[in-house]
Amino acid sequence: MQTYHFDEIVSNEGTVTLSGLPPLAKIAVVVIDPEPFDWQYEMEKWMQDIRKRHSFAKMTKEEILVKLHQTREEVYEEDYGYRHAN
């Protein structure tokens with residue numbers, strides 16, 4: 001079995017012309033008709049999901065700042081702590 005890939009646009013009349021196929025070839029046609037994508041809706045849905053499950057969502061601003069400071073200290077120690085070992 002040989003597979004050929006064509007990326008063609010359907011004409012205003014609803015037709016597509018393919019060339020370069022062997023004579024008497026049996027073909028299957030798949031039509032991809034994408035739905036319009038609403039990025040704003042998807043982003044809002046994603047943000048709602050994050051607000052439900054992210055640990056910062058239930059913290060105060062002060063608690064978040066403490067956690068970020070702690071994380072920064074841990075990362076610094078992992079990356080540069082060896083310099084101060086001696």
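These questions and answers walk through a predicted model, from its helices to its side-chain contacts and surface.

Q: What span does helix 1 reach from its first C-alpha to its last?
A: Helix 1 covers residues 39-53, which is 15 residues. At 1.5 Å a residue, the expected span is 21 Å. The model comes close to that, and the helix reaches 21 Å.

Q: Which side chain reaches the backbone nitrogen of Q40 at the start of helix 1?
A: The contact is made by a side-chain oxygen. This oxygen comes to within 3.3 Å of the Q40 nitrogen. The cut-off for a polar contact is 3.5 Å. The residue that supplies the oxygen is D38.

Q: How many salt bridges does the structure hold?
A: One joins K45 and E42. Another joins R53 and D49. R72 and E73 form a further one. The total for the structure is three.

Q: What separates K45 and E42 along helix 1?
A: K45 and E42 form a salt bridge, with their closest N and O atoms 3.7 Å apart. Both residues sit in helix 1. They are three residues apart, so the separation is about one helical turn.

Q: Is R53 buried or exposed?
A: R53 bridges to D49, with the closest N and O atoms 2.9 Å apart. The two are four residues apart in helix 1, about one helical turn. D49 is partly exposed at 34% relative accessible area. R53 has 59% relative accessibility, and exposed means over 50%, so R53 counts as exposed.

Q: How far apart are the closest N and O atoms of R72 and E73?
A: R72 forms a salt bridge with E73. The cut-off for such a bridge is 4 Å. E73 is partly exposed, at 40% relative accessibility. The closest N and O atoms of the pair are 3.9 Å apart.

Q: Why is the pair of Y76 and Y80 rings called tilted?
A: A search of the whole structure finds one aromatic pair. The rings of Y76 and Y80 have their centres 5.2 Å apart. Planes under 30 degrees apart would be stacked, and over 60 edge-to-face. The planes here stand at 40°, so the pair is tilted.

Q: Which helix holds both Y76 and Y80?
A: The two tyrosines lie four residues apart, about one turn of the helix. Y76 is partly exposed at 40% relative accessibility. Y80 is partly exposed at 34%. Both lie in residues 61-80, which is helix 2.

Q: What is the C-alpha to C-alpha distance between K67 and W46?
A: K67 has its place in helix 2. At 36% relative accessibility, K67 is partly exposed. In sequence, K67 and W46 are 21 residues apart. In space, their C-alpha atoms are 23 Å apart.

Q: What is the area of the nonpolar surface patch that includes F6?
A: F6 is found in the segment before helix 1. With 34% relative accessibility, F6 counts as partly exposed. The patch is made by Y4, F6, V10, V16, L18, I27, V29 and V31. Its area is about 730 Å².

Q: Is E42 buried, exposed or partly exposed?
A: E42 has 27% relative accessibility. Buried would mean under 20%, and exposed over 50%. E42 therefore counts as partly exposed.

Key. Residues numbered from 1 in each chain as written. Predicted model: local features only at pLDDT ≥ 70, side-chain atom pairs only at ≥ 80, totals over all residues. Heavy atoms only, no water. Expected span 1.5 Å × (residues − 1). Polar contact = N/O pair within 3.5 Å; in protein donor to acceptor, adjacent residues only side chain to side chain. Phe/Tyr/Trp six-rings, centres within 6.5 Å; stacked < 30°, edge-to-face > 60°. Buried < 20%, exposed > 50% of the residue type's maximum accessible area, 1.4 Å probe, protein only. Patch = residues over 30% accessible without salt bridge, like charges linked within 9 Å, V, L, I, M, F, W, Y side chains within 5 Å. Areas by Shrake-Rupley, 256 points an atom, 1.4 Å probe, with all protein chains shown as cover. Salt bridge = Lys/Arg side-chain N within 4 Å of Asp/Glu carboxyl O.
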